[in-house]
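Take a moment with the sequence and the 3D view. Then read on, one part at a time.

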Amino acid sequence: MIKKGAWVQIKKIILAPEERAENIPADSKNVPLIMWVKGFLLEDAALGDEVAIETITGRLEKGTLVSANPAYKHDYGDFVPELLEINKKAKGIVFENER
Amino acid sequence: MRDNSYRAVMSRRNEIMLKSVGIDYRKYENGAIGFDYEALMRDAGYSLDEVIAIQRASGVGGTPLKELKNFTRLVRASSPPGYGARIFIKDEALNDSGSFKARRASLSVYHAKKMGYAGVVTATSGNYGAAVASQAAKHGLKAIVVQECYDSRGVGQPEIIEKARACEAYGAEVVQLSVGPELFYKFLLLLEETGYFNASLYTPYSILGIETLGYEIVEDALRLTGRLPDMIICTNAGGGNLTGTARGVMRATKEKIEIVGASVNLAGLHMASDHDFNRKSFTTGHTGFGVPFMTNPDRSDVPRSAARPLRYIDRYVTVRQGEVFYITEALVALEGIERGPAGNTSLAAAFSLARSLPEDKIIVVQETEYTGAGKHHQAQLSFARSQGIDVRFGDPRTEVPGRDIVLPEEPWMIEAFDLDLDYMRRRRIENQVKGLRRITDEDLEFLTAETNADEDFVRDILEEMKVRIGGKVS
């Protein structure tokens, strides 16, 4: 159970496929337009429940509860060794006569 | 109760815009298609000195212009004898919030506060969101940033996730959407619901805010080198960066400086495609925005865009994703500064263009942006690999956007590719007069200014299209 007042993220369908704009590619038109937004939970609830939240600007939004204390997990990814090669080559060309 | 269906909201767009921008664009319209661009800019009511003062008071502007001496040596290593222009970079990453977008946001948010709005809303997946959020924090205004962030599988573009984090760090509400142009629908709903200011990238305030950048470049160059730059390269997407910079340069000097736009080549990828969304490694500064906005600037989120790049651009080049990643790493290696890849698009173009200019010429690359988790070139290349993109060394000319990213085997393989500006001028005219049989003399003047072309060039195209000039508009 996630307590009232917790910082959460909800998800909501804004436009069903049949409501989407005419002039967009089929792969987009075949799926709904989805919104994610964060805010303070207005009543105790469990993940997957339909809930209401108050966003940081004080707006009310409703949707499916998808996470509590949503975290930032983006990073620098897997190491890309090619960058090391570029780095070495650029330095080699510019500074080779100085060594 | 108000009808909030897609169709109903879109049909209220002009009314919503009028309230949220506070500009009645109708009063600038003339002829059948024209409008008085300079009057729109003038009526915004801020002098250059006022804009500079507002920006200095809010952590924006006065960024250093740096000569990239080692980077220039790399250029010269593969240039013909006597060639390889000096390259300078305006280190815009040092603005509060980490990009030149702070210039655009500073005046918009200042104006919103002055007009008594309680908050600002902006539709952007880029650095502009963080810029608006940062400036709103300073002015005690609320901010909502609407982003296109995830594909329908819920996979987020790491760069956009980082920007969401930055916006939230500055206290903004971030509304994240899956892929599609109907983002504009949610944006309109938010403007209507909150009554906040539309801090669009395309208002006169946003463009006036960039004029200081062009102005500073001229001043900085004169101070550092005793002369004017020969070429200024602007990373180009919606056209505001190039427009504002060129206008600022023209305020600083009467001499002609070549203004070059540079975009990452994303040919073949559809910007509204759910599938293509995570197959590109650049979320801005690319041809998917640059080309359509060049030929139809008013496709933006205000009735008349103040970003009109075709009026100012002298040359438009593209570079490839792999080339920009290469240059981003070369900048770290040779100059000891880590900057975000999208902002280095113009630096990649400079690398190529400098090789065809003599050593005493000066090229200014007019922006950099911050980098970090998600945005870093390492993060983007790794993400591309995870999406099935083949990242490898090779001949960059073989790169197909969405299929592979080709890192040049040798730096001299980096080559800016010229786009045909006359073709874009023609498309610009066609887009504007489509369906009309007659336009006014004022309209002809407007099209000539819009395309920065000879009047005869415009007349010839109109004649081909069987559009008459003068008399009563049909």
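## The overall form of chain A

Chain A has a radius of gyration of 23 Å, whereas a compact globule of 99 residues would have one near 13 Å. Keep in mind that this is a predicted model. Along the principal axes, the C-alpha atoms of chain A fill a box of roughly 70 × 40 × 25 Å.

How much of chain A is buried? Of the 99 residues in chain A, buried ones make up 29%. Now take the contacts in chain A with a separation of 6 or more. Residues 24 or more positions apart account for 51% of them.

## Strands and helices of chain A

Chain A holds 2 helices and 4 strands. Their pattern along the sequence is β-α-β-β-β-α.

The strands pair up. As a general point, strands of a sheet pair through backbone hydrogen bonds, either parallel or antiparallel. β1(A) and β2(A) run antiparallel and are joined by 8 bridges. Here A:Gln9 stands opposite A:Lys38 of β2(A). Strand β1 (residues 7-15) of chain A also runs antiparallel to strand β4 (residues 60-68) of chain A, with 4 bridges between them. In β4(A), A:Thr64 is the bridge partner of A:Lys11, and A:Leu65 is the bridge partner of A:Ile10.

## A hairpin in chain A

Which strand joins β4(A) over 5 bridges? Strand β3 (residues 50-54) of chain A does, in the antiparallel sense. A:Ile53 stands opposite A:Glu61 in β4(A). The hairpin of β3(A) and β4(A) has 5 residues between the strands. In this hairpin, A:Gly58 takes a positive phi near 90 degrees.

## Where the two chains meet

How many residues of chain B are in contact with chain A? There are 48, and they touch 34 residues of chain A. Several elements of chain B give two or more residues to this side, among them β6 (142-150), α8 (158-169), β7 (173-178) and α9 (183-194). The largest share, 6 residues, comes from α13(B). By class, the side of chain B that touches chain A has 23 nonpolar, 15 polar and 10 charged residues.

Strand pairing also crosses from one chain to the other. Strand β2 (residues 33-41) of chain A and β7(B) run antiparallel, joined by 2 bridges. A:Trp36 has B:Gln176 of β7(B) as its bridge partner.

## The domains of chain B

Chain B is divided into domain 1 (6-52 + 99-201), domain 2 (59-98 + 205-418) and domain 3 (435-469). How far apart do domain 2 and domain 3 of chain B lie? Their C-alpha centres are 32 Å apart. The contact between them takes 4 residues from domain 2 of chain B and 4 residues from domain 3 of chain B. On the domain 2 side, 2 residues are nonpolar, none is polar and 2 are charged.

## An open sheet in chain B

Chain B has an open sheet of 7 strands, in the order β3-β4-β12-β9-β10-β11-β15, with mixed pairing.

Strand β9 (residues 231-235) of chain B pairs with strand β12 (residues 362-365) of chain B in the parallel sense, over 3 bridges. B:Val365 in β12(B) is the bridge partner of B:Ile233.

## Buried parts of chain B

Helix α14 (residues 345-354) of chain B is mostly covered, with 10 of its 10 residues buried. Among them are B:Leu347, B:Phe351 and B:Leu353. The buried residues also include B:Thr345, B:Ser346 and B:Ser352.

Next, a loop residue. B:Ala306 lies in the loop between α12 (287-295) and β11 (315-319) of chain B. Is B:Ala306 buried or exposed? It counts as buried, because it has 27 C-beta neighbours inside 10 Å, and the cut-off is 20 or more. B:Ala306 and B:Ile207 are 99 residues apart in sequence, yet 6.4 Å apart in space, C-alpha to C-alpha. Leaving out residues up to four places away in sequence, B:Ala306 touches residues including B:Leu40, B:Met41, B:Tyr202 and B:Pro204.

Technical notes:
Residues numbered from 1 in each chain as written. Chains lettered and ligands numbered in written order. Predicted model: local features only at pLDDT ≥ 70, side-chain atom pairs only at ≥ 80, totals over all residues. Pairing = 2+ DSSP bridges. Contact = placed C-beta atoms within 7 Å. Nonpolar A, V, L, I, M, F, W, Y, C, P; charged D, E, K, R; others polar. Rg over C-alpha atoms; globule rule 2.2 N^0.38 Å. Buried ≥ 20, exposed ≤ 12 C-beta atoms within 10 Å, placed from the backbone. Domains from an automatic or database assignment.
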